[in-house]
Structures are given as structure tokens and as C-alpha cells.
Amino acid sequence: MLHVRNILLICLLIVSGTASAQSISLAEVIHETFASNPDIPLSQLGRDFVEVEQQRIEGMLDPNVSARIGYSDEKVPTTNPFAANKTQFGQLSGAVTKPLEDGSTLTGSLNYNRSKLGYPSSVPTAFQSTLNPIYQNQIDLTYRYPLLRGHGNPAYHDQMAASKQDEGAALWQVIILKEQLAEQATLLYFQLAADNLALNIAKKALRRAEKLLTYQKSREQFGLIEKSDRLQTEALLATRRMDLSLAEATVRQSETNLNRLMQRPPDAPLDPGLDGGIFSKDVVEKRSLDKLLAEAEKVRPAFRVVEANLAASNARISAASNQHETQVDLVGQVGSRALNGSAGKAAGQGFTLNDRFVSLSVELSDTITGNAAKATIKQAELSRQQAMLERLQLRESVKNQLASAITTLNSSHEIVDAANQRARAEKNKFNAELNRYRSGRSDTVTLIQFEGDLNTAELQASMRQVLLRLATHRLALARGTLLPALKTGNPEMARP
């Protein structure tokens with residue numbers, strides 16, 4: 001009586017646990033994973049780093065302002081008895097330099113100073129400078145235009161272009177992470193669905209074994225079977241109980257894995273069903289592999305990242321190659337000169353061209369051997385070569401994924417049908433053998449063997465159903481249509 005009560009209690013616990021399990025779809029699992037997974041905010045920091053780099057590059061065009069104000073008092077010995085031996089000098093200077101987008105530089109500078117000479121007391125006034133102190137004002141405008149290195153400012157434009165590509169790659173890296181999380185969620189979702197089916201089959205097998213044992217005990221009481229027949233059935237029941245325990249433990253582990261992916265408590269009950277998928281199980285893919293690959297190249301974020309890296313490498317090669325050129329600059333300068341004994345007049349005359357300075361020159365400089373520039377170019381070329389090889393590698397990898405998914409999907413329909421037919425045949429076989437056993441025309445060993453065949457067939461049929469649903473979603477992942485289907489809510493709209 002106590003044994004029966006324990007069995008009833010266990011059944012009530014199982015039923016109550018199943019009833020409280022939350023029914024959840026694959027789309028809900030993926031959306032919750034995206035919302036809670038800490039890897040996504042971490043991956044999004046990549047874009048922030050790129051934006052900081054773009055700000056640094058923009059800083060190449062920032063104007064540079066410098067200013068200086070100073071005073072000096074100098075007294076030196078002199079061999080000329082009529083020369084000044086003391087100089088007081090005050091200076092105010094400043095400059096503004098503005099790099100332009102074409103690579104040229106415009107500089108405006110101001111130099112205003114006061115100079116006062118001091119003489120020994122023995123020097124007559126007639127021999128001293130008539131203008132003392134003297135005020136000077138000098139204003140210059142200088143324009144520097146690069147003819148070779150720096151022409152067109154590739155250091156700015158190419159680096160900015162490369163940074164823009166890096167920004168795009170950072171954005172696509174986030175989508176790649178979401179693809180990976182969606183794939184992980186899909187596998188865990190259907191794994192839990194498969195484990196739930198296996199648990200239900202284990203419960204069904206346990207009930208069959210219990211009914212058979214009850215029947216065996218009643219027959220043993222009437223002397224219709226031997227004790228060994230009952231012991232064989234008890235061994236079968238023990239096996240089915242162990243199978244049920246293993247199935248329950250597997251379900252709990254799968255629930256833990258899926259819950260933790262969604263950052264939920266590990267023991268939160270879940271009920272994923274095969275009908276909770278995003279794509280129909282009836283899909284049969286008839287497109288060619290090359291066409292599917294071409295479609296995947298348009299939408300898969302991994303291809304976008306590789307293309308962005310390739311474009312960024314080309315831009316960096318252009319910038320590095322320009323730095324290897326000889327520095328040849330055309331420099332033009334125009335400025336005013338003013339000299340007066342009055343501070344105000346000297347300042348005002350500095351804004352006229354009565355006294356001026358005009359020059360035009362060509363400056364040339366170069367680095368011997370240029371190892372640093374060569375190394376930078378080689379590094380950029382290696383990055384481009386790496387991006388090209390990664391593109392080839394990615395194409396083959398996606399092509400393999402597509403080929404495997406198509407083959408699995410298209411063959412799974414026939415396998416599912418065959419597995420269902422076998423399950424029905426094994427059920428009919430077991431029922432027929434059970435009838436023969438009840439009429440005394442069969443033995444316990446054969447009946448137990450047929451029950452095992454039925455259990456195996458039902459389990460295989462259920463697993464094949466799960467594999468079919470999983471194959472449709474793995475094909476969508478390989479094609480890059482899973483994430484768009486999540487956004488639109490309509491898988492058909494996600495088809496390229």
C-alpha cells in the first residue's frame with residue numbers, strides 16, 4: 001500500500017511540475033537572450049572605440065593656437081665705450097595654424113615687441129639711439145601646400161575612410177554575436193524539446209512496464225507463469241525507472257542550460273514545443289548551392305565584416321604609401337613690418353603693407369631608406385591579404401554549412417516518414433504479441449524484447465521530428481534569414 005502511495009505522489013509531482021512549466025516559443029527565447037545576454041553590450045563597445053578613433057582623426061584638422069609673452073633684462077660688457085651695455089626686451093607673440101582638408105596648412109602669426117637700450121653714464125646723449133624704446137610689429141600669413149607627400153591629405157581622408165569601415169565592421173560584429181546566440185538558443189531549444197519528448201516516452205514505457213508487472217503478478221498467483229517470468233518483468237520495470245530518472249535529469253540539465261542562456265534562474269520550468277519554431281517543417285529546399293551562397297553573401301553579417309576589413313586595409317595602404325613619398329612643399333608667405341618709437345603707431349602700422357615681406361619657396365625633405373614607412377605599407381598589405389583569405393575561408397565555411405543543412409533537411413522528410421511507420425509497426429507488433437502472450441502462445445522474453453523494440457522506435461521517431469525542425473532552422477541560420485524573420489515576424493518576408 002505504501003509503495004502505491006509513493007508512486008501516486010511521484011506522479012502528482014510530475015504532473016504539477018509539467019503544469020507549471022511556461023510554454024515558450026523559439027522567438028521568445030532568442031529575444032530574451034538578446035535582451036539579457038551581457039556579451040551584446042560588451043560587443044557594442046567596439047563601435048564606441050571606433051567613434052573615439054574617428055574623433056582623434058578629426059583632430060588632425062583642428063586649428064593649433066600658440067601664444068607667448070615674455071620680458072628680459074640683459075646687461076653685458078662691451079669693448080666700445082659708446083655702445084649700449086643693457087637691453088630690456090618685452091615680447092608678445094602668437095600664431096594660429098589651421099590644417100586644411102586638401103593637405104595644405106595656413107598659418108597666421110603676430111610678433112609685437114618692445115626693445116629699450118641702456119647706456120653707461122659716461123656716454124653722451126648725442127651718441128645714444130634717438131628712438132629708445134623701439135616698438136616692432138610683424139604680422140605674417142604663411143601657406144604651405146604639399147606637392148608629393150601629404151598631397152590631398154590622405155593621412156586624414158584615408159584614415160577616416162578606414163575608420164568608417166571599422167565602424168561598419170563593429171556594427172556587424174554585434175549582429176554576428178546575435179547570430180551565434182540565436183544558433184545557441186536554437187540548439188538548446190530543440191534539445192530541450194527532444195529531451196521532453198524522451199521524458200514522455202520514458203513515462204509511457206514505465207506505465208507499460210507497470211501494467212505488465214501487475215498482470216504478471218496476477219498470473220503468478222494462479223500458477224500460470226513461473227517466478228522467473230515475474231523477475232524478468234521486474235527487471236524491465238527497474239530499467240524503465242532508471243530510464244525515467246535519466247530522462248528527468250537530462251531535462252533538468254537542458255532547462256538549466258536554456259534558462260542560463262536567458263539569464264533566468266536555472267530551475268525555472270520551461271515547455272518548448274516543436275510548434276514553437278519560426279520556420280515550417282514542410283520546407284524542401286530546391287535551390288542550387290551556388291545560388292544560396294550568393295544570397296547568403298548579401299545578408300550574412302560575417303561577409304559584411306570581411307568586406308569592411310578589406311576596404312579599410314585598402315584605405316590604410318593608400319595612406320601608408322603616401323607617407324613613403326618625398327616631402328616637397330610649396331611655401332608662400334606675405335607679411336607686414338612696422339618699426340616705430342610709439343607703441344600705438346607700431347601696432348597700427350602692422351596692419352598695413354607699407355613695409356612688407358613676400359616670399360615664395362620650395363622645401364624638400366626625405367627620410368633615408370624609409371624603413372618605418374615601408375613597414376607600415378607592408379603591415380597594411382598583410383592586413384588586406386588576411387582579409388582576402390578570410391573571405392575565401394568564410395565562403396567555403398558557409399558553403400559547407402548550406403550543403404550540410406540542405407542535405408539534412410531534404411533527407412529528413414523521408415526519414416521522419418520511415419521512423420513513424422516503424423513506430424506504428426512496432427506498436428502493432430507489440431500489441432499482437434501481448435495478445436498472444438495472454439493466450440499462452442508467447443513467452444516473457446519475447447514480449448519484453450518487443451516492448452524494447454517499441455520503446456526504441458517511438459524514441460527514434462520523436463527524435464527525427466526534432467531533427468527535422470532543427471534542420472529547417474539551421475538552414476535559415478546558414479542563409480542568414482533567421483534574424484530578419486525575428487524582426488518581421490513573418491518568415492516568408494525574410495526570404496531573399
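Is Thr444 buried or exposed, and what is its relative accessible area? Thr444 is buried, with a relative accessible area of 3%, where buried means under 20% relative accessible area, exposed over 50%, and partly exposed in between, computed with a 1.4 Å probe on protein chains only. The model is predicted, and local features need pLDDT of at least 70, side-chain atom pairs count only at pLDDT 80 or more, and totals for chains, interfaces and linings use all residues. Residues are numbered from 1 along each chain as its sequence is written, and side-chain values use heavy atoms, with hydrogens and water left out.

View 1. Helices (H or I, at least four residues) and strands (E, at least two) are DSSP runs, numbered from the N terminus. Leaving aside residues up to four places away in sequence, Thr444 touches Gln216, Asp229, Gln232, Thr233 and Tyr437, contact meaning heavy atoms within 4.5 Å. The side chains of Thr444 and Asp229 are joined by a polar contact of 2.9 Å; such a contact is a pair of N or O atoms within 3.5 Å, and within protein one must be able to donate a hydrogen and the other to accept it, while residues adjacent in sequence count only if both atoms are side-chain atoms.

**View 2. The two ends of helix α10.** At the N-terminal end, Asp443 caps α10, with a side-chain oxygen 3.3 Å from the backbone nitrogen of Val445. Just after α10, Gly480 takes a positive phi of about 85 degrees.

**View 3. The largest nonpolar core, of 51 residues.** A nonpolar core is a set of buried Ala, Val, Leu, Ile, Met, Phe, Trp, Tyr and Cys residues joined through side-chain atoms within 4.5 Å. The residues with the most contacts inside this core are Ile30, Phe34, Ile278 and Leu482. Among the elements that give two or more residues to the core are α2 (26-36) and α10 (444-479), while α4 gives the most, with 17 residues.

**View 4. The stacked pair of Tyr112 and Tyr135.** Rings of Phe, Tyr and Trp (its six-membered ring) pair if their centres lie within 6.5 Å, and planes under 30 degrees apart count as stacked, over 60 as edge-to-face and the rest as tilted. The ring centres of Tyr112 and Tyr135 are 6.5 Å apart and their planes lie at 25 degrees, so the pair is stacked. Tyr112 belongs to strand β4 and Tyr135 to strand β5, 23 residues apart, and both tyrosines are buried.
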